[in-house]
Amino acid sequence: MLNLLNKTKSILVLSLRSITGRAAEDVAKETPAQTPMATAAAPLILTQDFKTYEPMNRAAARQVWIENIDDVTERKLGLIELHPDVFATQPRVDVIQENIEWQRKYRYVSFANTKVRSEVRGGGRKPWPQKGLGRARHGSIRSPLFRGGGIVHGPRSPTTHFYMLPFYKRVMGLTAALSVKLAQDDLHVIDNVDIPTQEAQFMKDLIKQRNWGPSVLIVDREDMFPENICCATEQLGYVNLMPSYGLNTYSMLKHDTLVLTVDAVKHIEERLLYQLHRTDAHLKEAKFKLDQV
């Protein structure tokens, strides 16, 4: 598609020069209203620099349309190239499931609690003499052998279910979730998060017109979002805002539609590619091992 668009642009420039005998730039200056290329705010194709981290399969590169968000009516502002090692990986459903279980359990704390024999009410004295009655010897009726006694090996609160998933499985979970969202056409790229109004109805109409739903996650590079979009989404429980450094597998699968800004795409690619190619990953996960001496 990149070669086709570049050839089309070259043919257009040559046609203008052959017909009018002037450069295409002069024609654009004289008639700006008739040349949509001169009024485009974003470049036609936003290329990415793949030289730092060369893709394993360059033929698997992906391209996504950049959409506007300043109006309900959809407009295509250009194309952005996505790195195949981040957005075109194998959809490992097993790794995604492990990431979901990890995120659900590391924040879960069980408050189930049972009392041991020292905490149960009663049973202060010896129930019967040690010898002479022919009965078994006992020191308290609150022993675990008696009904109403203490519980042996019962749950003791608070009990945490925290464990640390291996480092590369966490990174692989992010790339797999992003690839699945793109393959299912649930990933959209916008130029920015600036909307013209603070009305929630604008976001409702926008989501309905673009078929974003029923739940939307909007991700930007910065953690400080503009006032308009914060006010517009405050009353909408199915629309959430998140900075790119907090993007996780659970949130991506919890929302049906993932909307990324151009800056967020670049930041996510930069961070994930660095993690995929780093050589000191074993040092990063060493502090979470449970068998340390």
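A residue counts as partly exposed when its relative accessible area falls between the buried limit, under 20%, and the exposed limit, over 50%. In this predicted model, Cys 231 has a relative accessible area of 28%, so Cys 231 is partly exposed. Cys 230 belongs to that class too, because its relative accessibility is 32%.

How many disulfides does a search of the whole structure find? The search finds zero. Cys 230 is in no disulfide, and its nearest cysteine sulfur is that of Cys 231, 6.8 Å away. The cut-off for a disulfide is a pair of cysteine sulfur atoms within 2.5 Å.

## The largest pocket

If you are looking for open space, here is a place to begin. Rolling a probe the size of a water molecule over the atoms shows where empty space is left. The largest pocket has a volume of about 550 Å³. Its lining is made up of 20 residues, and those nearest the centre are Leu 174, Ser 244, Tyr 245, Leu 247 and Leu 272.

Sorted by class, the lining holds 10 nonpolar residues, seven polar ones and three charged ones. Which helices each supply at least two residues of this lining? They are helix H5 (93–105), helix H6 (167–183) and helix H10.

## Helix H10

Helix H10 takes in residues 262–277, 16 residues in total. From its first C-alpha to its last it reaches 23 Å, close to the 22 Å expected at 1.5 Å a residue.

Which residues of H10 are buried? They are Val 262, Ala 264, Val 265, His 267, Ile 268, Glu 269, Leu 272, Leu 273 and Gln 275. For reading such a list, recall that an α-helix has 3.6 residues a turn, so residues three or four places apart point the same way. Leu 272 ties this helix to the previous section: Leu 272 is buried in H10, and Leu 272 is also among the residues nearest the centre of the largest pocket.

## A strand pair: S2 and S3

Strand S2 (residues 62–67) and strand S3 pair in the antiparallel sense, over six bridges.

Is strand S3 largely enclosed or open? Strand S3 covers residues 76–82, and six of its seven residues are buried, so the rest of the structure largely encloses this strand.

Most residues other than glycine have a negative phi, and most peptide bonds are trans.

The loop between strand S4 (109–110) and strand S5 (159–160) holds Pro 158. The peptide bond from Ser 157 to Pro 158 is cis, with omega near -10 degrees. His 153 is also placed in the loop between S4 and S5, and has a positive phi of about 60 degrees although it is not a glycine. With a relative accessible area of 81%, His 153 is exposed.

The loop between helix H7 (200–210) and strand S7 (216–220) contains Pro 214, and the peptide bond from Gly 213 to Pro 214 is cis, with omega near 0 degrees. Asn 211 is found in the loop between H7 and S7 as well. Asn 211 is not a glycine, yet has a positive phi of about 60 degrees. Because its relative accessibility is 66%, Asn 211 counts as exposed.

Conventions. Residues numbered from 1 in each chain as written. Predicted model: local features only at pLDDT ≥ 70, side-chain atom pairs only at ≥ 80, totals over all residues. Heavy atoms only, no water. Helix = DSSP H or I, 4+ residues; strand = E, 2+ residues; numbered from the N terminus. Expected span 1.5 Å × (residues − 1). Buried < 20%, exposed > 50% of the residue type's maximum accessible area, 1.4 Å probe, protein only. 1 Å grid on protein atoms, 1.4 Å probe; cavity = no way out; pocket = protein on both sides within 12 Å on 5 of 7 lines; lining within 4 Å. Points joined across faces, edges and corners; volume = space filled by probe spheres on them. Nonpolar A, V, L, I, M, F, W, Y, C, P; charged D, E, K, R; others polar. Pairing = 2+ DSSP bridges.
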